[in-house]
Amino acid sequence: MKKSKLITIIAVTSSILAVAAAVFAFFVVKEKKKKDDEELEQYLEGSIQ
């Protein structure tokens, strides 16, 4: 009984951490893409002038 409860707690905690890591990675990638787009826009504006 105690082992199954411990395994359940570990599984739930691991799942929560995995979801949190995925969300964090998504926002990091999204922010990097936004930064890259801004740099590209600045480069293009500079090359046009």
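The legends below describe several views of one predicted model.

Residues are numbered from 1 along each chain as its sequence is written, and side-chain values use heavy atoms, with hydrogens and water left out. Because the model is predicted, local features need pLDDT of at least 70 and side-chain atom pairs count only at pLDDT 80 or more, whereas totals for chains, interfaces and linings use all residues.

View 1. Helices are DSSP runs of H or I of at least four residues and strands are runs of E of at least two, numbered from the N terminus. The C-alpha atoms fill a box of roughly 75 × 5 × 5 Å, taken along the principal axes, and helix 1 covers residues 2-48. Of the 49 residues, 0% are buried, where buried means under 20% relative accessible area, exposed over 50% and partly exposed in between (1.4 Å probe, protein chains only). The accessible surface, about 4,900 Å², belongs 70% to carbon and sulfur atoms.

**View 2. The aromatic pair of F26 and F27.** A search of the whole structure finds one aromatic pair. The ring centres of F26 and F27 lie 5.3 Å apart with their planes at 70°, so the pair is edge-to-face; rings of Phe, Tyr and Trp (its six-membered ring) pair if their centres lie within 6.5 Å, and planes under 30 degrees apart count as stacked, over 60 as edge-to-face and the rest as tilted. F27 is partly exposed, at a relative accessible area of 47%.

**View 3. The two salt bridges of the structure.** A salt bridge is a side-chain nitrogen of Lys or Arg within 4 Å of a carboxyl oxygen of Asp or Glu. K32 meets D36 at 3.2 Å, N to O, and these two residues of helix 1 are four residues apart, about one turn of the helix. D36 is partly exposed at 35% relative accessibility and D37 is partly exposed at 41%, while K33, at 52%, counts as exposed.

**View 4. A surface patch of negative charge.** E31, E38, E39, E41 and E45 gather in this patch, and E31 lies in helix 1. Patches are made of residues with over 30% relative accessible area and no salt bridge, like charges being joined within 9 Å. The protein as a whole has 8 positive and 7 negative side chains, and the centres of the two sets lie 24 Å apart; Lys and Arg count as positive and Asp and Glu as negative, with His and the chain ends not counted.

Conventions
Patch = residues over 30% accessible without salt bridge, like charges linked within 9 Å, V, L, I, M, F, W, Y side chains within 5 Å. Areas by Shrake-Rupley, 256 points an atom, 1.4 Å probe, with all protein chains shown as cover. Charge placed at Lys NZ, Arg CZ, Asp CG, Glu CD.
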